Amino acid sequence: LNRQLESNACILETEINNIPGLNVITPQGAMYVMVKIDLAAFDDISSDADFCHKLKWEESVEILPGECFSYPGTVRLVITPPHDILRAASARIAAFCQRHRK
């Protein structure tokens, strides 16, 4: 199980770090990754909660805003789904960010 989670975290870290405006905070053994959002890189995203809300409605990808964990300006993505699901979600997040980028 640990190897699978490590592999999943590496997939998400690689995929998400390739999206301008997003930066993965390398996980330290959790079942999720935190991603820092550069809000200045986006036209119409005002907060981490706004990012999550719009992403859910536009791309059907549900993630949690960091403000839920007293960590504003970030979002939380789980790393437990299979590789193909993580890659599909990453692609949807990339498309979303491209549409909203300044």
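In the predicted model, S60 is exposed, with a relative accessible area of 59%. This residue lies in the loop between helix 2 and strand 3. Although S60 is not a glycine, its phi is positive, at about 55°. S70 belongs to the loop between strand 3 and strand 4, and at 69% relative accessibility S70 counts as exposed.

E59 is found in helix 2, which spans residues 48-59. The relative accessible area of E59 is 14%, so E59 counts as buried, the cut-off being under 20%. The side chain of E59 is joined to that of R99 by a polar contact of 2.9 Å. With residues up to four places away in sequence set aside, E59 touches K54, R92, A95, F96 and R99. Of these, R92, A95, F96 and R99 fall within the range of helix 3, residues 83-100.

The nonpolar interior was examined next. In soluble globular proteins, nonpolar side chains tend to be buried together. The largest nonpolar core of the model comprises 26 residues, of which I16, L22, F51, L77 and I93 touch the most other members. Two or more residues each are given to this core by helix 1 (2-17), strand 1 (22-25), strand 2 (32-37), helix 2, strand 4 (74-78) and helix 3 (83-100). The greatest contribution is that of helix 1, with five residues. The contacts of I93, leaving aside neighbours within four places in sequence, are with I16, I19, L22, L55, V61 and L77. Among these partners, I16, L22 and L77 are also listed with I93 as residues that touch the most other core members.

Strand pairing involves strand 4 on two counts. Strand 2 and strand 4 run antiparallel and are joined by five bridges; in this pairing, V33 stands opposite L77 of strand 4. Strand 3, residues 64-65, also pairs with strand 4 in the antiparallel sense, over two bridges. Here L64 stands opposite R76 of strand 4. In a regular strand the side chains alternate between the two faces of the sheet.

Empty space within the model was then considered. Rolling a probe the size of a water molecule over the atoms shows where empty space is left. One cavity of 30 Å³ or more was counted, and the largest cavity has a volume of about 30 Å³. Its lining consists of I16, L22, V35, F51, I63, V75, L77 and I93.

The largest pocket has a volume of about 270 Å³. This pocket is lined by 16 residues, and those closest to its centre are V61, E62, I63, V78 and A89. Strand 4 and helix 3 each supply at least two residues of the lining, with the largest share, six residues, coming from helix 3.

Methods. Residues are numbered from 1 along each chain as its sequence is written. This is a predicted model: local features need pLDDT of at least 70, side-chain atom pairs count only at pLDDT 80 or more; totals for chains, interfaces and linings use all residues. Side-chain values use heavy atoms; hydrogens and water are left out. Helices (H or I, at least four residues) and strands (E, at least two) are DSSP runs, numbered from the N terminus. Buried means under 20% relative accessible area, exposed over 50%, partly exposed in between (1.4 Å probe, protein chains only). A polar contact is a pair of N or O atoms within 3.5 Å; within protein, one must be able to donate a hydrogen and the other to accept it, and residues adjacent in sequence count only if both atoms are side-chain atoms. Contact means heavy atoms within 4.5 Å. A nonpolar core is a set of buried Ala, Val, Leu, Ile, Met, Phe, Trp, Tyr and Cys residues joined through side-chain atoms within 4.5 Å. Two strands pair if DSSP finds at least two bridges between them. On a 1 Å grid over the protein atoms alone, a cavity is a set of points where a 1.4 Å probe fits but cannot get out, and a pocket is an open set with protein on both sides within 12 Å along at least five of seven lines; lining residues have an atom within 4 Å of a point. Grid points are joined across faces, edges and corners, and a volume is the space filled by probe spheres set on the points.
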